[in-house]
Amino acid sequence: MSRNTKINLVLLLAVAALAVLPLVLGLGDHKKEPFTGADAEAETAITELKPDYEPWFSPLYEPPSGEIESALFSLQAALGAGVLAYYFGLRRGRRQGEQRVLERQAGEALTGAAGTSAAEQD
């Protein structure tokens with residue numbers, strides 16, 4: 001097993017542990033909604049500390065339900081992941097293309113040098 005494979009396996013196990021451990025350890029069992037987002041947590045903390053607080057602005061669009069809000073967030077995450085994957089794939093493809101061109105040029109230079117030296121010998 002190569003070094004990169006070992007590193008990838010360790011990273012995969014770490015990600016799995018981060019996803020599963022909060023559920024196994026029961027983190028958030030004392031809350032009504034244990035895994036709400038940071039925005040909801042901040043709103044709850046602010047209203048507890050200052051009940052008369054007035055927000056500076058309101059959202060441009062308020063989804064009619066939590067499911068739609070979650071779907072829009074998932075769509076946003078998927079689009080972002082797609083853009084990143086496209087970018088990194090494009091970079092890798094360009095790098096591989098440049099490497100192939102350099103290898104081809106080096107091969108042609110060797111073939112050309114061998115051909116001229118053989119012609120000079122005759």
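**Aromatic pair, surface and fold of a predicted chain**

The structure holds 1 aromatic pair. For context, a pair of aromatic rings is described by the distance of the centres and the angle of the planes. Here rings of Phe, Tyr and Trp (its six-membered ring) pair if their centres lie within 6.5 Å, with planes under 30 degrees apart called stacked, over 60 edge-to-face, and the rest tilted. Tyr87 counts as partly exposed because its relative accessibility is 41%, while Phe88, at 51%, counts as exposed. The cut-offs are under 20% relative accessible area for buried, over 50% for exposed and in between for partly exposed (1.4 Å probe, protein chains only).

A word on the model itself: it is predicted, so local features need pLDDT of at least 70 and side-chain atom pairs count only at pLDDT 80 or more, whereas totals for chains, interfaces and linings use all residues. Residues are numbered from 1 along each chain as its sequence is written, and side-chain values use heavy atoms, with hydrogens and water left out.

As for the fold, the chain has 3 helices and 0 strands, running α-α-α from the N terminus on. Helices (H or I, at least four residues) and strands (E, at least two) are DSSP runs, numbered from the N terminus. The pLDDT, the predictor's confidence in each residue from 0 to 100, averages 85 over the chain, and 88% of the residues score at least 70. Confidence is highest in helix α1 (residues 3-25), at 92, and lowest in helix α2 (residues 38-49), at a mean of 85.

Ile68, in helix α3 (residues 66-121), is partly exposed at 35% relative accessibility.
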